[in-house]
Amino acid sequence: MLARSSTSGIAPMTDPAPAFLALDGLSKRYADHVAVDALTLGVAQGEFISLLGPSGCGKTTTLQMIAGFTEPSGGAIRLEGRDLVAVKPARRGLGIVFQSYALFPHMTAAENVAFGLEMQRVPKAERARRVTDALALVGLSALAERYPRRMSGGQQQRVALARALVIQPRILLLDEPLSNLDAKLREEMQIELRQIQRRIGTTTILVTHDQHEAMALSDRIVVMNAGKVEQIGRPQDVYERPATPFVASFLGKTNVFEALVERGADGAAAVLGTVRCPCPPHLAGAGHVLLTVRPEKIAFADEGLACRIVSRVFQGTYWLFIGETPAGVATIVCQNDGAAQPGEGESVHLTWRADDAALRPLSGAGA
Ligand SMILES: Nc1ncnc2c1ncn2[C@@H]1O[C@H](COP(=O)(O)OP(=O)(O)O)[C@@H](O)[C@H]1O
Ligand SMILES: [Mg+2]
């Protein structure tokens with residue numbers, strides 16, 4: 001079994017050491033449509049990577065190229081420095097789990113899991129031991145003799161995971177494996193998947209359109225849009241410091257306020273109503289700019305951006321407010337700590353730490 005590398009041990013993209021898995025300018029064209037556009041990514045051994053983006057952005061195509069089911073139009077895939085594209089899919093040593101469980105219906109859970117080992121002609125005694133271990137790993141020991149049709153969606157997906165892991169794959173590829181499960185089960189399975197991956201240390205690439213799933217599971221997230229990489233980084237980095245407006249809006253809700261840059265005695269400032277925010281020199285002449293700040297980074301205060309609460313929604317662990325301000329509509333999220341909260345129709349003021357806000361030119365370009 002592999003030891004899991006710590007987050008700090010993960011090589012940055014500029015690291016000259018070759019990655020465990022390297023995608024280098026990987027591209028796929030269909031006629032005149034570019035599904036994946038020069039994707040470059042280094043994955044460290046033991047790392048959990050998510051490809052995150054909206055439907056049609058090229059996630060599955062990328063995974064299928066790694067798996068060998070889709071031939072790249074350009075670029076290279078290297079595993080431990082060796083060209084992977086030339087290797088037949090069955091010989092790549094990868095474990096794959098798809099959205100549809102695709103279990104053999106006429107085989108029990110144990111037989112489904114054993115199938116890959118039979119293909120590899122693993123001796124019977126070892127096969128039995130490894131199937132038992134794999135089913136135990138996904139918490140299904142009690143259901144070894146059960147047929148898929150008598151299992152829940154979550155149980156079937158565990159069998160699919162056990163079947164992928166039993167061959168001790170060099171990389172585990174997961175394509176939206178939890179998206180057919182209901183919300184509560186999906187959350188449970190996310191935690192379990194993470195725990196299993198940490199325990200066995202298998203390098204894992206997960207495809208998902210669910211930003212919460214990507215953030216909960218991954219060491220790093222690759223945010224994709226229209227075949228291109230928008231940002232690669234740790235979950236907290238892509239969330240707190242989105243490199244592009246697309247990343248900011250795709251990873252959760254963000255407020256976008258309009259501000260006007262004014263020069264004053266204190267230098268350039270972005271002005272929203274009566275609020276003056278420090279403005280970086282490169283935007284000093286920008287005129288109108290956009291200020292983005294996450295809903296949970298806004299607090300109610302005695303002074304700040306004037307806001308009238310138009311709706312207040314109780315969400316259990318937090319309150320959600322929608323308000324009107326001179327700079328645009330505001331969304332505010334407050335932890336439910338038992339404190340009194342402003343009501344609908346009330347006038348309040350909004351503040352945030354300068355570090356929690358980002359300014360962009362109105363065109364939407366740049367960071
Ligand atoms: N076999 C194919 N032929 C033509 N276009 C395809 C094919 N497979 C995928 N595409 C297109 O490539 C783009 C990326 O698809 P896909 O990788 O499945 O996206 P995602 O998994 O992110 O939803 C989409 O526009 C899709 O329509
Ligand atoms: Mg897909």
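**View 1. Polar contacts of ligand 1.** A polar side-chain atom of Lys59 lies 2.8 Å from an oxygen atom of ligand 1 in this predicted model, and the pair falls under the term polar contact, which stands for two N or O atoms within 3.5 Å. Backbone atoms take part as well: a backbone N or O atom of Gly58 is 3.0 Å from an oxygen atom of ligand 1, and a polar backbone atom of Gly56 is 2.6 Å from an oxygen atom of the ligand. Of the 560 Å² of accessible area that ligand 1 has on its own, the protein covers 59%, where accessible area is computed by the Shrake-Rupley method with a 1.4 Å probe.

**View 2. The shell around ligand 1.** The residues that surround ligand 1 include Tyr30, His33, Ala35, Pro54, Ser55, Cys57, Thr60 and Thr61, and a residue counts as near the ligand if one of its heavy atoms lies within 4 Å of it. By class, four residues of this shell are nonpolar, six are polar and one is charged, with Gly placed among the polar residues and Lys among the charged ones. The largest share of the shell, three residues, comes from α1, where helices are DSSP runs of H or I with at least four residues, and strands are runs of E with at least two.

**View 3. Where domain 1 meets domain 2.** The domain assignment gives domain 1 (21-249) and domain 2 (253-365), and their centres, taken over C-alpha atoms, are 39 Å apart. Nine residues of domain 1 are in contact with six residues of domain 2, contact meaning heavy atoms within 4.5 Å. Between them the two domains bury about 620 Å², 36% of it on carbon and sulfur atoms; buried area is the accessible area (1.4 Å probe) lost when two parts are put together, summed over both. Tyr239, Pro245 and Ala248 supply 71% of the area that domain 1 buries against domain 2.

**Notes.** Residues are numbered from 1 along each chain as its sequence is written. In this predicted model, local features need pLDDT of at least 70, and side-chain atom pairs count only at pLDDT 80 or more, whereas totals for chains, interfaces and linings use all residues.

Definitions and conventions: Chains are lettered from A and ligands numbered from 1 in the order in which they are written. Side-chain values use heavy atoms; hydrogens and water are left out. A polar contact is a pair of N or O atoms within 3.5 Å; within protein, one must be able to donate a hydrogen and the other to accept it, and residues adjacent in sequence count only if both atoms are side-chain atoms. Domain bounds come from an automatic or database domain assignment.
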